[in-house]
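Subject: Structure handover

Hi,

Here is the structure for your files. My notes on what turned up follow below it.

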Amino acid sequence: MWKFTVRRLLIMIPQIIALSIVIFVLAQMMPGDALSGMIDPNVDPERLEELREKHGWNDPWYVQYADWVGGLMQGDLGQSFRFKMDVTELIGQRIVNSFWLSLATLLFTYLIAIPLGIISGRYNDTLLDQTITGYTYIGFATPLFIFGLVMLWVFGFMLGWFPTSGSVTPGLEAGTFEYFVSKVNHLILPALSMALITTVSTVQYLRNEIIDTKQRDFILTARAKGASESRVYNRHILRNSLLPIAAFFGFEITSLIGGTIFIENIFGYPGMGQLFLESITMRDYTVVTAVTLLFGIASIVGALLSDIILSLVDPRIRIK
Amino acid sequence: MSEKLLEIKDLRTSFRIKDDYYAAVDGVNLTVNKNEVLAVVGESGCGKSALAFSVMGLHTRAKIEGNIMFKDKDIANISPSDLNKIRGKEMSMIFQDPLTSLNPLMEIGEQIAEVLLLHNKQLSKEQRKEKVIELLNKVGIPRPEQVHGQFPHELSGGMRQRVMIAMAIANEPELLIADEPTTALDVTIQSQILELINDLKQDMNAGIILITHDLGVVAEMADRVAVMYAGQIVEIADVHTLFTNPKHPYTRSLLNSVPNSNEAQDKLHVIQGIVPSLQNLPREGCRFSARIPWVAESEHEDHPELHEVNDGHFVRCTCYKHFDFPDNEEEQQHGIS
């Protein structure tokens, strides 16, 4: 088991190196830089050229890459042009917000998916199942950014139940109970909006797994033993059906990242997703590359988590 | 006269296909006595397994009519919770494919212990474990302590079938249904498993329904044999009579198609045609007539009944009376017209 985990961890190293090269080269290929467009047009082009030279932007890409990686190793992600502060510090503020948003979304995703999937799978082809399946199809067809806007409009503006932007009410002191409540209050609407849409694939997945497991031979064995219907479901069907769902957990992280980019921008939630989009429009390279790298690493770790979870819960692939 | 354990009366098990119900088991009457092995034989698709599943109440979407009297209780018309008290305890079943019949995520010991737990709440965890080890020993599994903690994928097919048998006999059932217990296993393992069932039969004191299409198995194990074709019993007799004096054309065709190792054969005898599918079953007249076209129509009954030709020997339809295999293949194909 440990050998497997260590080997799996070692594989991540070349993956991350490859990822960093791709990100860096892609960022280099973006047209323009921080000095183009954002700066007073009266500035002498020669002065700009001088600045570019000074920052090393005229060096070949591999030299710049080496500089960048050298910085990364020391935990230095560079300076943000826009915020005039260390990227590390900037991301540090945002990543906490994104973490809580993702966690809340995951929680809602499973809170919705598991009961709906179980009901749908157990009573398949009934009206109840068709209603749930209908919801999943609508969920698949609805773009997250449209749904987010509708949720914001209905519950934020029309009904006024939830705040419409930010991650906490300004002026509250960190650590107090009001601060915590305000944080949670700001989280609910974006997290729920995202969860309602992203959960549908998990609902369908679980439904199909249950329908599939229901027809397996060992379920007959369980019934022939005299197990009651509820025991058959709880002990035999559910355990086997939840397995792929558990394994899928790591990959949920990847889809969460995609989701947060939309949701944070719609709900004005100061997280990594919002920072990412803003930095692209501002040509804030150092931030873009750093955020993308973190997203990429999160996906790789997600895949690793999936592998580890699967090897923990499924005895057939438990590695000795 | 031996004591009746199970009496199936006019059982019809129908499945819904589109908007109609089709009977896979069509009016079966059968009794199983204590300490008796009743073999049910027939080709695939004749309703043997459907019959066994009906007795165990394992059909989830079938319409079951008739009565299944098990020790004076009609288990065809019983509440699910009452049925669950009987299943796994007083009657149990061994399935066809041991590779898929065990829960892949549960330890072997846990799976056997479950059947003990369900029917005997008094046993402590330690007592259950002790009993499981004892059962594993009984079915001839080496190193039972180790196997107790293993998962199904770590065992071979033969070992898994032994585990299934251990599970089935855990509560000393009075009726054991073995649904083609050796079909999925290779020949050497087959004989070991049959030997095991035979051994257990001696000290179990139970009635056994053995479903198979292997006539060798029948000869070795059975006391009585019921031959099923297209959802009906076409012949029933004690094993000796059935092999020495088979009556029904289907039984004779089955026996005729067993390869004979004493003489070299160029060709295997086969029964021409196939078992009709559920929807295409002829519901009137002799259901086997289509596969013996050389027999004149007048020899079949319009509504074939089981006729008692001898004490305990029943045959369906009158076509057996003058039945013979045609001399050449030409006649088999086209019939004597």
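Start with a helix pair: α10(A) passes α11(A) in a left-handed crossing. Left-handed here means that the near helix is turned anticlockwise from the far one by less than a right angle; clockwise would be right-handed. Helices (H or I, at least four residues) and strands (E, at least two) are DSSP runs, numbered from the N terminus.

A word on provenance. This is a predicted model: local features need pLDDT of at least 70, side-chain atom pairs count only at pLDDT 80 or more, and totals for chains, interfaces and linings use all residues. Residues are numbered from 1 along each chain as its sequence is written, while chains are lettered from A and ligands numbered from 1 in the order in which they are written.

**Helix packing**

Back to the pair. Helix α10 of chain A covers residues 272–281, and helix α11 of chain A covers residues 285–313. They pack at an angle of about 140°, with their axes 9 Å apart. Axes are lines fitted to C-alpha atoms, for helices over the stretch in contact, and angles run from 0 to 180 degrees between N-to-C directions. α10(A) and α11(A) are therefore oblique to each other. The classes: under 35 degrees is roughly parallel, over 145 roughly antiparallel, 65 to 115 roughly perpendicular, and the rest oblique.

Which residues make the contact? From α10(A) they are Met272(A), Leu275(A), Phe276(A), Ser279(A) and Ile280(A); from α11(A), Val287(A), Val288(A) and Val291(A). Contact means C-beta atoms, placed from the backbone, within 7 Å. By class, this contact has seven nonpolar, one polar and no charged residues. Nonpolar covers Ala, Val, Leu, Ile, Met, Phe, Trp, Tyr, Cys and Pro; charged covers Asp, Glu, Lys and Arg; the others, Gly among them, are polar.

A second pair is α5 (residues 127–141) and α7 (residues 177–214) of chain A. Their angle is about 130°, and their axes are 8 Å apart. That makes α5(A) oblique to α7(A). Their crossing is left-handed. Ile132(A), Thr136(A), Gly139(A) and Phe140(A) of α5(A) meet Leu196(A), Ile197(A), Val200(A), Val203(A) and Gln204(A) of α7(A). That contact has six nonpolar, three polar and no charged residues.

**Chain A against chain B**

The contact takes 17 residues from chain A and 26 residues from chain B. On the chain A side, α8 (217–224) and α9 (229–266) are the elements that give two or more residues. α8(A) supplies the largest share, six residues. By class, the chain A side has five nonpolar, five polar and seven charged residues.

**Annotated spans**

UniProt (unreviewed entry) places "transmembrane region" at several spans of chain A, including residues 99–119 and 287–313. Its positions are given in the numbering used here, feature names are shortened, and annotations may be inferred rather than shown by experiment. Residues 99–119 of chain A are 100% helix and 0% strand, with end C-alpha atoms 30 Å apart. Residues 287–313 of chain A are also 100% helix and 0% strand, with end C-alpha atoms 38 Å apart.

**Two single residues**

Pro14(A) lies in helix α1 (residues 2–29) of chain A. With 9 C-beta neighbours inside 10 Å, Pro14(A) counts as exposed. Thr169(A) sits in the loop between α6 (144–158) and α7 of chain A. Thr169(A) is partly exposed, with 14 other C-beta atoms within 10 Å. The cut-offs: buried at 20 or more other C-beta atoms within 10 Å, exposed at 12 or fewer, partly exposed in between, with C-beta atoms placed from the backbone.

Best wishes

Conventions:
Contact = placed C-beta atoms within 7 Å.
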